[in-house]
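Trainee: I'd like to learn how to read a structure, one feature at a time. Where do we start?

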Amino acid sequence: MMFLSKSSLGKVVRAQVRFKMTAYMGAVLSLIVVQLVGLIISLNGTGSMGTSIDNISIQVNIVTHDGVFMFVAIWALFVGNLITTKAYRYDDFSFVTTRLSGNIANIIILCMVSVFAGVTTFLSNYLLRVVLLLFGSSSYLKSPGILENPLSSYLNVMVIIILILTAASAGYFGGMLLQKSKVFMVLIPAFIIAIPVTKSGQAFLAYVFMENESMLFLLVKLVSITIILFALAIVTSNRLEVRA
């Protein structure tokens with residue numbers, strides 16, 4: 001007598017998430033390298049100003065971890081694109097799975113690595129402070145801390161996480177489009193270039209990043225964009241060829 005075992009969507013997704021976390025460990029290791037490169041570049045500072053009073057000269061150097069964030073955002077874009085390639089998509093066939101469960105597992109993985117990347121990127125600001133104190137020539141260092149304004153720090157972490165996740169979702173959607181047709185290898189870069197140079201693209205960027213009463217409005221916009229990109233990626237993946 002034969003018995004058919006039915007696996008729920010939740011069980012399949014959990015199994016895939018555990019498997020993918022191990023398979024994508026290399027991406028997490030590459031994140032550390034990317035953040036170290038960003039830190040080294042950030043040590044040069046983003047600006048400086050100076051003045052002198054009598055015989056006293058004061059030089060102010062502005063150093064931020066924006067360089068780290070930019071490198072991590074690009075990393076997230078490539079990771080989102082990487083897991084859409086056939087080599088990674090065919091790993092799903094190790095399970096009794098569907099396109100939906102595979103996409104949900106991928107989205108969960110991207111959310112998890114985005115949280116890790118966002119938190120470590122935020123904390124890189126404090127690592128940068130330690131490096132400047134130990135190896136820099138500054139005699140005084142001032143920067144905002146978590147204890148001084150915990151709510152602002154929390155919102156900053158959330159914004160960084162969502163921005164990284166948005167970049168990952170864009171890479172994921174773009175990767176699905178590339179898997180569907182190689183024509184998008186030309187269309188996607190053209191679209192990216194067109195956003196900051198066209199009036200409609202500039203208006204969109206201004207609406208998302210500048211026209212905000214508070215960080216909460218920015219978070220809502222970014223989350224909405226991320227959901228839309230993931231939804232489009234799922235729809236696109238459903239139209240991809242099946243494995244022979």
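**Around one lysine**

Trainee: Leaving aside its neighbours within four places in sequence, which residues is Lys221 in contact with?

Mentor: Contact means heavy atoms within 4.5 Å. Beyond those sequence neighbours, Lys221 touches Tyr207, Val208, Glu211 and Asn212. This is a predicted model, where local features need pLDDT of at least 70 and side-chain atom pairs pLDDT 80 or more, while totals for chains, interfaces and linings use all residues. Numbering runs from 1 along each chain as its sequence is written, and side-chain values use heavy atoms, with hydrogens and water left out.

Trainee: Is Lys221 buried or exposed, and what about its charge?

Mentor: Buried means under 20% relative accessible area, exposed over 50%, and partly exposed in between (1.4 Å probe, protein chains only). A salt bridge puts a side-chain nitrogen of Lys or Arg within 4 Å of a carboxyl oxygen of Asp or Glu; Lys and Arg count as positive, Asp and Glu as negative, with His and chain ends not counted. Lys221 is buried without a salt bridge, and Glu211, the nearest side chain of opposite charge, sits 5.5 Å away. The Lys221 side chain does reach the backbone oxygen of Tyr207, at 2.5 Å.

Trainee: Which helix holds Lys221?

Mentor: Helices are DSSP runs (H or I, at least four residues), numbered from the N terminus. Lys221 belongs to α9, residues 215-237.

Trainee: Which residues of α8 are buried?

Mentor: In α8 (199-209), they're Gly201, Ala206 and Val208. The buried residues of α8 pack against α7 (184-197) and α9. Lys199 and Ser200 are exposed on the face turned away from that buried side.

Definitions and conventions: Helices (H or I, at least four residues) and strands (E, at least two) are DSSP runs, numbered from the N terminus. A polar contact is a pair of N or O atoms within 3.5 Å; within protein, one must be able to donate a hydrogen and the other to accept it, and residues adjacent in sequence count only if both atoms are side-chain atoms.
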